[in-house]
Amino acid sequence: MTHAATTPMTITTNPTRISRRFAELRRTGEMGLVAYLTAGDPSLAATEKFVLALAEAGADVIELGVPFSDPVADGPVIQRASERALHAGTTLGGVLSLVKSLREKTEVPLVLFSYFNPVLQMGLEKFGDAAKAAGADGVLITDLTPEEGVEYRAAISSRGMDTIFLAAPTSTDLRLAIIAKATSGFLYLISRTGVTGTKDQLADELPALARRVRRVTELPIAIGFGISLPGHVSVLGGLADAAVVGSALVEEIERAEGVEAAAAALAARVKLLKGAAVAGMSRREPGA
């Protein structure tokens, strides 16, 4: 089986929960909040409670990170979370079971966020079937390019799920166009070079980067990496359709004394961030 091709392909799918949620956000002029958690940290049962708390607090989309032994794109906070989840015995199969359980309790859009190795080990068709049956809405593979992911994209898109790709500040305009063409649901724009983790300030180049992406796609744009404060989210209001918050939430879990305390802290943080999204400094006009 090969995993390379020179020309990305476009596959049309029916609207997913992700697309429907972003369409509603666009109608109301509200900026979305995408929340990331490492599944299985400290346990899958705890993650289920956390996801339900985040959804109740106002998260628009939730990414469930599949723990991996070598998370090269992640900073120390998420690396430690992956280690804890793996130590607790979390597997890709377990995360899929978690999605199935969550789908019985909430309609919040769920994205599987993974490195390619666990998916490849399971097998693309088997993974696609299992993810669809569980109720996942989209998949984001952090270390897979559009050119290398043609078979993967076909396996996901043909089952009615979104394939979400990452775009970086170092991407050329041509590269951004290729990434956008391979993407559905929303495009995940990395705000800066480097690994995940909280930062005090956003990159000065971010507005210009967002404009470059807007020129090549009509997809919703979600900006992540370093987003942790209400002020960050407010500033993004005129640039992005959603802010992605990950390390700041995972850090709340790490600091909390128990699952219930962590769930409460996560809900409080998301309410604060979502409040900033709704009342941002430069909200997008409804329908824009």
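Here are legends for a few close-up views of this predicted model.

**View 1. Helices α11 and α12 pack against each other.** Helix α11 covers residues 247-255 and helix α12 covers residues 259-278. Their axes sit 8 Å apart, at an angle of about 150 degrees. Angles over 145 degrees count as roughly antiparallel, and that is therefore how α11 and α12 run relative to each other. The crossing of the two helices, α11 and α12, is right-handed.

**View 2. Here are the residues where α11 meets α12.** Look for Ala248, Leu249, Glu252, Ile253 and Arg255 on the α11 side. Across from them, α12 brings in Ala262, Ala265, Leu266, Arg269 and Val270. Sorted by type, the residues of this contact between α11 and α12 come out as 7 nonpolar, 3 charged and no polar.

**View 3. Phe22 and Phe186 make a tilted ring pair.** The structure holds 7 aromatic pairs, and here's one of them. The ring centres of Phe22 and Phe186 are 5.5 Å apart and the planes are at 45 degrees, so the pair counts as tilted. Phe22 belongs to helix α1 (residues 17-28), while Phe186 is in the loop between α8 and β7; the pair links distant parts of the chain, 164 residues apart. Phe22 is buried, at 6% relative accessibility, and Phe186 is buried too, at 0%.

**View 4. Tyr188 and Phe225 meet edge-to-face.** Their ring centres lie 6.2 Å apart with the planes at 85 degrees. Tyr188 comes from strand β7 and Phe225 from the loop between β8 and α10, 37 residues apart. Both Tyr188 and Phe225 are buried. Together with Tyr36 and Phe113, Tyr188 and Phe225 form one aromatic cluster.

Technical notes
Residues numbered from 1 in each chain as written. Predicted model: local features only at pLDDT ≥ 70, side-chain atom pairs only at ≥ 80, totals over all residues. Heavy atoms only, no water. Axes fitted to C-alpha atoms, helices over the stretch in contact; angles between N-to-C directions. Helix = DSSP H or I, 4+ residues; strand = E, 2+ residues; numbered from the N terminus. Parallel < 35°, antiparallel > 145°, perpendicular 65-115°, else oblique. Left-handed = near helix turned anticlockwise from the far one by under 90°. Contact = heavy atoms within 4.5 Å. Nonpolar A, V, L, I, M, F, W, Y, C, P; charged D, E, K, R; others polar. Phe/Tyr/Trp six-rings, centres within 6.5 Å; stacked < 30°, edge-to-face > 60°. Buried < 20%, exposed > 50% of the residue type's maximum accessible area, 1.4 Å probe, protein only.
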